[in-house]
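Dear colleague,

Please find below the structure that I am handing over to you.

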Amino acid sequence: MTIFLTGNCKETAQDLDPKRLNRQIQECCWLIGMVEGTGKWKNHPCNFMYKDHIDWVKKYRDCLVAYKNKDYELCERLSNEADLIKPHFICDELIINFKRRLYTKDPEFYAKWKDLGKSEINYYFVDGHWLKYENGKKEIIIL
């Protein structure tokens with residue numbers, strides 16, 4: 001489970017293929033449930049990454065839903081609101097890795113990011129440290 005971003009929330013909604021757009025909405029709902037105590041993956045690093053940023057996750061989810069429902073004005077407004085409370089760890093390097101992950105998942109649909117290459121790595125920012133997961137193996141990265 002992860003939250004994919006390719007830019008701001010609106011840009012991400014526009015970039016995602018329909019399958020992943022739906023999946024992102026679902027994963028945001030799961031993440032919100034975990035943080036609110038109703039989810040089942042309470043020890044997932046994504047839970048710890050976003051637990052203090054759940055208001056942003058809700059704006060992101062709502063922006064994706066608005067885009068899916070073709071309410072582009074609401075999508076734009078929610079994206080702008082989300083930008084005001086965006087977690088500090090969402091940086092260009094993380095967004096580039098998300099694009100690599102998306103290209104890896106569907107090289108045909110995400111061909112515009114071919115030059116970034118593929119990646120099987122997921123990064124999570126937990127307790128002030130970056131965690132790197134590659135093929136299920138965790139490594140702590142200290143910056």
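A pocket, as the term is used here, is an open set of grid points with protein on both sides within 12 Å along at least five of seven lines. Please note that the model is a predicted one.

The largest pocket holds about 190 Å³ of space. The largest contribution, five residues, is that of α2. Among the lining residues are M1, K19, R20, R101 and Y124. By type, the lining comprises six charged, three polar and three nonpolar residues.

I turn next to the aromatic residues. The structure contains 10 aromatic pairs. One of them joins Y50 and W56 in a stacked arrangement, with 5.8 Å centre to centre and 10° between the planes. Y50 has a relative accessible area of 1% and is buried; W56 is likewise buried, at 2%. An edge-to-face pair is formed by Y124 and Y133, with 5.5 Å centre to centre and 85° between the planes. Within this pair, Y124 counts as buried, because its relative accessibility of 4% is under the 20% limit. Y133, with a relative accessible area of 21%, is partly exposed.

Finally, Y50 and W56 also belong to one aromatic cluster, together with Y60, F89, F125 and W130. Y124, for its part, belongs to the lining of the largest pocket and pairs with Y133.

Yours sincerely

Definitions and conventions
Residues are numbered from 1 along each chain as its sequence is written. This is a predicted model: local features need pLDDT of at least 70, side-chain atom pairs count only at pLDDT 80 or more; totals for chains, interfaces and linings use all residues. Side-chain values use heavy atoms; hydrogens and water are left out. On a 1 Å grid over the protein atoms alone, a cavity is a set of points where a 1.4 Å probe fits but cannot get out, and a pocket is an open set with protein on both sides within 12 Å along at least five of seven lines; lining residues have an atom within 4 Å of a point. Grid points are joined across faces, edges and corners, and a volume is the space filled by probe spheres set on the points. Helices (H or I, at least four residues) and strands (E, at least two) are DSSP runs, numbered from the N terminus. Ala, Val, Leu, Ile, Met, Phe, Trp, Tyr, Cys and Pro count as nonpolar, Asp, Glu, Lys and Arg as charged, and the others, Gly among them, as polar. Rings of Phe, Tyr and Trp (its six-membered ring) pair if their centres lie within 6.5 Å; planes under 30 degrees apart count as stacked, over 60 as edge-to-face and the rest as tilted. Buried means under 20% relative accessible area, exposed over 50%, partly exposed in between (1.4 Å probe, protein chains only).
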